[in-house]
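Good morning, and thank you for coming.

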Amino acid sequence: MNDPMIVIDKVSKTYYLKSRPEPVHALNNVTNHIDRGEVVVIIGPSGSGKSTLLRSINRLNDVDTGTITIDGVNVTDKKTNINALRAEVGMVFQHFNLFQHKTAMENIVMPQMIVAKRSRKEAEEIANDLLEKVGIPDRGNNYPSMLSGGQQQRVAIARSLAMKPKVMLFDEATSALDPETVGGVLELMRGLAADGMTMAVVTHEMGFAREAAHRVIFMDEGAIIEENNPDDFFDNPQTDRAQDFLRQIL
């Protein structure tokens, strides 16, 4: 593809915990990129740094050293208008982060009116289209407590898409869902990938990684250990650590 949307250059992040005498290197000199329209799936054991990396792309975590740019804008520069940047970077979390006192429709409409300054009429039209797209067109008047986990995650995805982002970040978006609802959310994510959305996805769903990713990144101890196209990564991992990881989960 060779058209970088996200560039990660020598990024490090260290935590200091009272329970551990040694510092925790959540990210250790990470360098990589994600091209425009590319789907990159980031996998690895718990504590490997994959969620920290994803959150750093959206500057939910500040990094200690290195730079991250999105479409030429330096995320790590304190002068960058991070709210304007985040309006162009959708993020979907493990937990849905919906406003419980607002309907599904309002959860999608309100950010558009506040951040994108759209009229209510325009915001509602976009919300209705997206509720149709994510497969719950009849749930707009439901509150989150009236929706299943899978339906709430679809609302969260629709809310992010309503901002018309350049990039979508998914941080374990299916791990809190009932197994019966995981498939529908993954299918929605596959559709976004097929539509050409630039995506970075942290997941334990190896089937999705094999089917939807252009590239798989394997992390451990805050570093990128291996990366490859899905077929080569899963069929012929090159490092002992990746081989051990795949043996345990497949």
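Helix H3 (104-115) gives the largest share of the lining of the largest pocket, 4 residues. Helices here are DSSP runs of H or I with at least four residues, strands are runs of E with at least two, and both are numbered from the N terminus. This is a predicted model, in which local features need pLDDT of at least 70 and side-chain atom pairs count only at 80 or more, while totals for chains, interfaces and linings use all residues. Residues are numbered from 1 along each chain as its sequence is written, and side-chain values use heavy atoms, without hydrogens and water.

A pocket is an open set of points on a 1 Å grid over the protein atoms alone, where a 1.4 Å probe fits, with protein on both sides within 12 Å along at least five of seven lines; lining residues have an atom within 4 Å of a point. The largest one holds about 530 Å³ of space, a volume being the space filled by probe spheres set on the points, which are joined across faces, edges and corners. Among its 18 lining residues, Arg86, Val89, Arg159, Ser160 and Met163 are the closest to the centre.

Let us turn to strand E3, residues 39-43. Is E3 covered on one face or on both? Both: Val39, Val41 and Ile43 are buried on one side, Val40 and Ile42 on the other, where buried means under 20% relative accessible area with a 1.4 Å probe, protein chains only. In the parallel sense, E3 pairs with strand E8 over 4 bridges, and Val41 stands opposite Val201; two strands pair if DSSP finds at least two bridges between them.

Conventions:
Buried means under 20% relative accessible area, exposed over 50%, partly exposed in between (1.4 Å probe, protein chains only).
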